[in-house]
Amino acid sequence: MMKANDRPGLSLSGIVIRLDGKRLIDLSATVLPGEVLTVMGPSGSGKSTLLSFIGGFLDPAFQAEGEVSIDGTNLLNLPPEARRAGILFQDPLLFPHMSVGANVAFAIPPDVSGRKQRRRIGSAILAEMDLQGFEARDPATLSGGQKVRVALARVLISRPRLLLLDEPFSKLDTDLRVQMRDLVFVRARDAGLPVILVTHDEADAEAAGGLVYRIDAEGKSHG
Ligand SMILES: Nc1ncnc2c1ncn2[C@@H]1O[C@H](COP(=O)(O)OP(=O)(O)OP(=O)(O)O)[C@@H](O)[C@H]1O
């Protein structure tokens, strides 16, 4: 197996996304395994649209061109589920009718067979998120930070190849925000996952420590 440092990571090459002829996004960048590309820009500038394009669920109202590859594999030829992008939104989007354990187990790849084995790896990832013993809990009874950690557990257990983060910390108060983003960045680094982080918060960008793309009103991106 290649070490994280030997892998080329996420390559965004000549990405141009237009809406009604107007260019929203224009960027090329490389995000190495474990590194974070932070995307900033005004509301409506196309930040979420960029993540949708990479994840494979861009609304057909947009026109997009360019190439996206991860460790040399062209992602754009693959259907969304085969791209294996782990996505976190502002809202953790837990299934309300399922227990915490079931929320996490839902994302375990299908090649992991056996109830026992699935339960074991689900519990292990919850424990890593400081949520040991939370399997039977109703998501409605969790704090904001606990919900984010369940969402992160669910994403990590799905064996993603990259992380797409759409303001996942913005609803949290300052202390929790700092803790959660450090947790995500550390986990991404450990797993060698390239990350794209959409945020309005300069402190997030600083903590991410990587490249920052700023989208201006003309749809030009600046490193
Ligand atoms: N499905 C759609 N069909 C048409 N236009 C859309 C669609 N989704 C978003 N838009 C428009 O595309 C533009 C970019 O939207 P996007 O959600 O990517 O912006 P954003 O930078 O993420 O904004 P915010 O910071 O407010 O989340 C906006 O003008 C938005 O109104």
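Okay, so which residues in α4 meet A153, L156 and I157 in α5? They are I121, G122, I125 and L126, where a contact means that the C-beta atoms, placed from the backbone, lie within 7 Å. By class, that contact of α4 with α5 has six nonpolar, one polar and no charged residues. For the classes, Ala, Val, Leu, Ile, Met, Phe, Trp, Tyr, Cys and Pro count as nonpolar, Asp, Glu, Lys and Arg as charged, and the others, Gly among them, as polar.

Some housekeeping. This is a predicted model, with local features needing pLDDT of at least 70 and side-chain atom pairs counting only at pLDDT 80 or more, while totals for chains, interfaces and linings use all residues. Residues are numbered from 1 along each chain as its sequence is written. Helices (H or I, at least four residues) and strands (E, at least two) are DSSP runs, numbered from the N terminus.

Back to the helices. α4 covers residues 115-128 and α5 covers 144-157, and they pack at about 130° with their axes 9 Å apart. Axes here are lines fitted to C-alpha atoms, for helices over the stretch in contact, and angles run from 0 to 180 degrees between N-to-C directions. That pair is therefore oblique; the scheme is under 35 degrees for roughly parallel, over 145 for roughly antiparallel, 65 to 115 for roughly perpendicular, and oblique for the rest.

On to α5 and α6 (residues 174-191): their axes come within 11 Å and cross at roughly 10°. That makes α5 roughly parallel to α6. On the α5 side we have G144, G145, V148, L152 and L156, meeting L176, M180, L183, V184 and R187 in α6. This contact divides into seven nonpolar, two polar and one charged. Notice L156, which takes part in the contact with α4 and in the one with α6.

Now the sheet. Four strands form an open sheet, ordered β2-β1-β4-β5, with antiparallel pairing. β2 and β5 (73-74) stand at the edges with a single partner strand each, so one side of each has no neighbour in the sheet. Pairing needs at least two DSSP bridges. Eight bridges join β1 (residues 10-19) to β2 (residues 22-31), and eight join β1 to β4 (residues 62-70).

Last, the ligand. Around it sit L19, L24, G41, S43, G44, S45, G46, K47, S48, T49, D59 and A61, each with its C-beta atom, placed from the backbone, within 6 Å. That shell has three nonpolar, seven polar and two charged residues. Helix α1 (residues 47-55) gives the largest share, three residues.

Conventions: Contact = placed C-beta atoms within 7 Å.
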